[in-house]
Amino acid sequence: MRLILLGPPGSGKGTQAQLLCKRLDMEHISTGDMLRDARCHDTPLGRQAKPYMHSGKLVPDDLVNDMVADRFKGDNRPERFVMDGYPRTFAQAVSFDQVLRQQFLDLTGVVLLVVDDAEIVRRLGGRWTCPTCKATFHVVSQPPRVAGICDNDGTPLVQREDDKPETVRERLRVYHAQTVELIPHYAARGLLRQAPGEGDIEQTYAAIIQVLNIQAGPPC
Ligand code: AMP
C-alpha cells in the first residue's frame, strides 16, 4: 500500500503514519523528520532549511523535492510507504508524481485528515515530542506516565520550536495558502479520501482504515 497523508500541522499525520506503518508494515517517510535530522547533523541541507523551519515557513520546493527523489532512488527505495508532510505544495505534488512514475509505483490513496484550526492551536500548544523515538504527547489529552519523560525510552521530552504559538499560526496560514491546493489535484484522480481527525488516536485510525476500505492490521 502506498499512501499520502494530508492535513494541517497537528492533525495527527505523524502519529497515524507511525501506527499505519507498525500495523501494516510500511515505511514512514516524514520530510519534517528528514529535515530535522539534517539540522541535527548540521548538513548543508540542514543549514539551508533552518531559517524556514524556525519561522514556520516551507523549505524551498527544489530542496525538499531533491531530498525525496534521493530517498526513492537505489535498491532500498520504499515499496510500501506512508508519506507524512510531503507533498505540501502543487510543485511538490508534480515532482512526486514524476518520481513515482519513474519508479513504476502507483499511489493507493491520499487521506485528508480534517481538523479545524481552533483544535490545531490547542493541540500544538500542549504537544511535547521525544527527540529519540519521535513519539508525541499532550499535556492534557495524552500525558506521559512521568511528566516530561518519554514512555517508550525514558528520553526527556522537548517542545518543538515550531510548536510555539506564533509559529503555529504561520504554519496554519501556509497550510491554507499552499497545501489545500493539493486536494483537487488528488480528487481529480479519484485518490482522495477524507477522514475526521478530531477524535482520539484509535478513532482516527479506525476512520482512516474505513475510508481506505482495508483491514486494520494487528494492534500493537
Ligand atoms: P512537519 O514536521 O511536517 O510539521 O515539518 C516541520 C517543518 O519542516 C515545516 O514547518 C517546514 O518548515 C519543513 N517541512 C517539512 N516538510 C516540508 C515540505 N514538504 N515542504 C517544505 N517544507 C517542509
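Because the model is predicted, local features need pLDDT of at least 70 and side-chain atom pairs count only at pLDDT 80 or more, whereas totals for chains, interfaces and linings use all residues. Residues are numbered from 1 along each chain as its sequence is written, and side-chain values use heavy atoms, with hydrogens and water left out.

**View 1. The whole chain and its overall dimensions.** The chain holds 9 helices and 7 strands, where helices (H or I, at least four residues) and strands (E, at least two) are DSSP runs numbered from the N terminus. Its C-alpha atoms fill a box of roughly 45 × 40 × 35 Å along the principal axes. The radius of gyration is 17 Å, which agrees with the value near 17 Å for a compact globule of 220 residues; the radius is taken over C-alpha atoms, and the globule rule is 2.2 Å times the number of residues to the power 0.38. Of the 220 residues, 47% count as buried, meaning under 20% relative accessible area, with exposed being over 50% and partly exposed in between (1.4 Å probe, protein chains only).

**View 2. The largest nonpolar core.** A nonpolar core is a set of buried Ala, Val, Leu, Ile, Met, Phe, Trp, Tyr and Cys residues joined through side-chain atoms within 4.5 Å. The largest one has 32 residues, of which L6, F72, F81, M83, F96 and Y186 touch the most other members. Among the elements that give two or more residues to this core are β1 (2-6), β3 (81-84), α5 (90-102) and α8 (182-187), while α4 gives the most, with 5 residues.

**View 3. M83 and its surroundings.** Not counting residues up to four places away in sequence, M83 touches L3, I4, L5, I29, V68, F72 and F96, a contact being heavy atoms within 4.5 Å.

**View 4. P131 in a loop between two strands.** P131 is found in the loop between β5 (127-129) and β6 (136-138), and counts as partly exposed because its relative accessibility is 42%. Leaving aside neighbours within four places in sequence, P131 is in contact with T155, P156 and V158. The C-alpha atoms of P131 and L6, which are 125 residues apart along the chain, are separated by 23 Å.
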